[in-house]
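The structure is shown first, and the notes follow.

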Amino acid sequence: MTWDVRATKDLEEFVDAVGAISHYFGSERNLERAERFTKVLPLERMHAAFDGDRIVGGAGAFPFQLTVPGGPVSCGGVTVVGVLPTHRRRGVLTAMMRTQLEDIRARGEPIAALWASEEVIYRRFGYGLASFVGEIELASSFTALRQAPDPTATARLITLEDARTLVPPIYDRVRAVTPGMFGRTDDWWELRTLDDPPERRQGGGVKNALLLELDGKPAGYALYRLYPKFEQGSAAGHLEVIEAFADGPIGTRELWRVLLDMDWKATLKADLLPIDHPLQHQLSYPRRMRMRIGDGLWVRLVDVGAALSARAYSGDGPVVLEVEDSFLPENAGRWRILGGAAERSEDDADLALDVGELGAAYLGGFTFAELVRAGVVRELKEGGAARADAVFLTAAPKPWCHEIF
Ligand SMILES: CC(C)(COP(=O)(O)OP(=O)(O)OC[C@H]1O[C@@H](n2cnc3c(N)ncnc32)[C@H](O)[C@@H]1OP(=O)(O)O)[C@@H](O)C(=O)NCCC(=O)NCCS
């Protein structure tokens, strides 16, 4: 069976297309909410799958600038993917993924990225697991930091309104050098990051914003929520860090010091942290974070040549990759990376790999040597993985996507 898939044309179609995933969240159809959503996900970036004149599936792609090693690259941020339970396992998702990837490519976005509700879904469409993400839960008795406080560090609580102007410049400075982070528009800040509707608090208090200054200059911020609770007279609640970013090591340490030292909590919880977060080295008891690691951002090279040419490298190369891509065969073939640019080549390849594994290595989250050891990338020439890593590995930190979109 073939499915008719196209971009939504009006708000009614948009709300029905988003409605496929909303069904699984148990949400009501809501035109007002959908209209707000179109400020970050334009109608033409939402695809709908039709059974006759009925919409039975939807898939969206935010117009992102995603940081990769070297700087930002245009990226389709795939979101709100769903197929109604009446139509699942009949190829609707497959049809939507094909149309969406073609659309992303036609818009000149060389990569796509997503968070997967289930890790088994997206490899077949050429996505690779590009980053891990860590979730921590640290008991208040183990929050000591190894180093003494910086005397120039001060912190103050700010309103969410003041956060609108004070926080984005800090975020942008961190984003510029952190693969996996994406740019936020004014609407994104307002509607998604700093919005705090009571129905999304899930039993917690209000969203708080904290500004960290070093020498009187903004150097970091945190958004957090408190879940106060007392059991037998003692604090048993927790503090949830929604996001915390700072410019450098001292800012990061002092920002977390304020969060870690907060009273009336039994634990501090944070998820969506990179696994190389500086806290691993700054805490006296890093083991007590009990970091649980899961899959983070998945990346798809939609246009392999353009994507490979868009990122930075630490070595000139050449390195030659034999790429398989069964879903978008126009990407398949041999690609040579030389002097920071990728082009098709007839040279013998160093490595053979699926486009998904190239996505896994693209942000720098995994080395080719690791992927060869896992048996998912094949070395065609001795030393091929080491040569490829010497070209691909940069000084950038591990990819960090801090927000499930
Ligand atoms: C996940 C979902 C979008 C899949 O849609 P679908 O139309 O059933 O997918 P397709 O029929 O195109 O499936 C294509 C292939 O992927 C497999 N597949 C799809 N979803 C899968 C899942 N959740 N688990 C295991 N396999 C899955 C299918 O079995 C099929 O395999 P085959 O080609 O070997 O037969 C749909 O089940 C859904 O909406 N789930 C709930 C919401 C959700 O998880 N959305 C994803 C958000 S990231």
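## An aromatic pair between helix and strand

Y171 counts as buried, with a relative accessibility of 0%, and in this predicted model F245 is likewise counted as buried, at 2% relative accessibility. Because Y171 belongs to helix α5 (residues 168-176) while F245 belongs to strand β13 (residues 238-246), the pair ties together parts that are 74 residues apart in sequence.

## An aromatic cluster and charges over rings

One aromatic cluster is made up of F14, F37, F62, F64, F182, W188 and F405.

Arginine side chains are also found over the faces of aromatic rings: R98 lies over the face of F327, at 4.1 Å from the ring centre, and R288 lies over the face of F142, at 3.9 Å from the ring centre.

## Cysteines without disulfides

How many disulfides does the structure contain? The count comes to zero, where a disulfide would require two cysteine sulfur atoms within 2.5 Å. For C75, the closest cysteine sulfur is that of C401, and because the two sulfurs are 9.2 Å apart, they are too far from each other for a bond. C401 is accordingly in no disulfide, the nearest cysteine sulfur being that of C75.

How values were computed. Residues are numbered from 1 along each chain as its sequence is written. This is a predicted model: local features need pLDDT of at least 70, side-chain atom pairs count only at pLDDT 80 or more; totals for chains, interfaces and linings use all residues. Side-chain values use heavy atoms; hydrogens and water are left out. Helices (H or I, at least four residues) and strands (E, at least two) are DSSP runs, numbered from the N terminus. Buried means under 20% relative accessible area, exposed over 50%, partly exposed in between (1.4 Å probe, protein chains only). Rings of Phe, Tyr and Trp (its six-membered ring) pair if their centres lie within 6.5 Å; planes under 30 degrees apart count as stacked, over 60 as edge-to-face and the rest as tilted. A charge sits over a ring if NZ of Lys or CZ of Arg is within 6 Å of the ring centre and within 35 degrees of the ring normal.
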